[in-house]
Each structure stands twice: as structure tokens, then as C-alpha cells.
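Reader: Please take one part of this model and look at it closely. I would like the helix packing, then the residues set against it.

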Amino acid sequence: SDKYRLNLEPDAITNTTKAIIAIAVKTSRERYILPYENSEESIPSAKLERLRELYERCVTTLPANLSGEQYLNYAKLEEKYGLMQRALNIYERLCLASPSSKEKHNAYQLYIIVAARALGSVKTRPIFEAAIAALDDLEASHICTKYATLETQLGEIQRARSLWVYG
């Protein structure tokens, strides 16, 4: 009968593949990360590499509206067990992959916070500039305000003035 036939349509295959990858990442995370969550031990490098492969496959395969959570989990994994530079690169990829301006805005805010904590406030300037260029006017003006506040705190009054005029 027709209800037991295998659907070989390209869309059905891709959707099935995406679901399988998402499930694989979830179960691998439970298997590889949860035993180390509350301990001071680090994840063995083989398990960390396997998780990286799965997250990479997941964020590149899933559509942009579904991959945001996986990007965040991947970045948190790198922050805790990997390299901070890798985590920052993942946050940047999240910003670029976010489908709507509001989601991009939230992603850039998170990226700025993590970068400031890891690298210092001065190193966030390129991120602020990228955010202003990538966002719609409303979100860009909000980022301009934060950027101007940062420049004021750093004593760069002229830069802050130009941002207030732009934003």
C-alpha cells in the first residue's frame, strides 16, 4: 500500500538527513559532554574532535532558522573545552548565518560580550563596525549607541561624537 512506500523525493531526503544529524549531535553531546559537565576533567581530544565534526555537519546542513541553537552549543563547547579563538569564530559565523536582522542583532550582542570578556573592549571595534554594516537601521542605531558608549569610556570623544551623529 502507499502509506508504507519510501518517499524518495529530494526534499524528504534532505529533511530526514537534517533530522538525523540533529539527533546525532544531541545524543553525542549527552554521551561525550555530560559526563564531564560537573567535573574539572577535560574532554579527551578524540571525543572533542568527534563533537566538532558533528557540530560542523549540523550547522552547515541545517537551515539558518534551525541552526542557531547548534551554533550556540558549539561555541559554548569551544569556550569550555576548546580554544577561545575557535569560539569567537563560531560566534562570528552565527552572526553571518542568522536569517533576520533581529536575530543578527542578538547574535552580534552576544559576540561583542564574549569578545570583550576574552580580548578586551578595544578589540571589539571591528565587531561593532561589522554589526552596524550588517543590521537594519533600527538595530544598527542600537549598536551605534553601545559603540559610542564604549568609545566614551575609552576616552575617544571624537569617535563617540561621530557615532552619535551616525546612529
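Author: Helices H3 and H4 cross with a left-handed sense. Left-handed means that the near helix is turned anticlockwise from the far one by less than a right angle. The model is predicted: local features need pLDDT of at least 70, side-chain atom pairs count only at pLDDT 80 or more, and totals for chains, interfaces and linings use all residues. Numbering runs from 1 along each chain as its sequence is written, and side-chain values use heavy atoms, without hydrogens or water.

Helices here are DSSP runs (H or I, at least four residues), numbered from the N terminus. Two packed helices are described by the angle between their axes and the distance between the axes. H3 spans residues 64-81 and H4 spans residues 84-97; their axes come within 8 Å and cross at roughly 170°. H3 is therefore roughly antiparallel to H4 (angles over 145 degrees count as such). The axes are lines fitted to C-alpha atoms over the stretch in contact, and angles run from 0 to 180 degrees between N-to-C directions.

Which residues of H3 meet H4? Ala64, Gly68, Tyr71, Leu72, Tyr74, Ala75, Lys76, Glu78 and Glu79 do, against Met84, Arg86, Ala87, Ile90, Tyr91, Arg93, Leu94 and Ala97 in H4. Contact means heavy atoms within 4.5 Å. By class, this contact has eleven nonpolar, one polar and five charged residues. Ala, Val, Leu, Ile, Met, Phe, Trp, Tyr, Cys and Pro count as nonpolar, Asp, Glu, Lys and Arg as charged, and the others, Gly among them, as polar.

Now the other partner of H4. The axes of H4 and H5 (residues 101-119) come within 8 Å and cross at roughly 165°. H4 and H5 are therefore roughly antiparallel. Their crossing is left-handed. The contact involves, among others, Leu88, Tyr91 and Cys95 of H4 and Ala107, Tyr111 and Val114 of H5. By class, it has 14 nonpolar, no polar and three charged residues.

Next, H2. Arg52 sits in this helix, residues 45-61. Is Arg52 buried or exposed? Arg52 is buried, at 9% relative accessible area; buried means under 20% (1.4 Å probe, protein chains only). The Arg52 side chain makes a polar contact with the Glu49 side chain at 2.6 Å. A polar contact is a pair of N or O atoms within 3.5 Å; within protein, one must be able to donate a hydrogen and the other to accept it, and residues adjacent in sequence count only if both atoms are side-chain atoms.

Leu51 is also in H2. Leu51 is buried, at 1% relative accessibility. Leu51 and Tyr74 lie 23 residues apart in sequence, and 8.5 Å apart in space, C-alpha to C-alpha.

Key. Helices (H or I, at least four residues) and strands (E, at least two) are DSSP runs, numbered from the N terminus. Angles under 35 degrees count as roughly parallel, over 145 as roughly antiparallel, 65 to 115 as roughly perpendicular and the rest as oblique. Buried means under 20% relative accessible area, exposed over 50%, partly exposed in between (1.4 Å probe, protein chains only).
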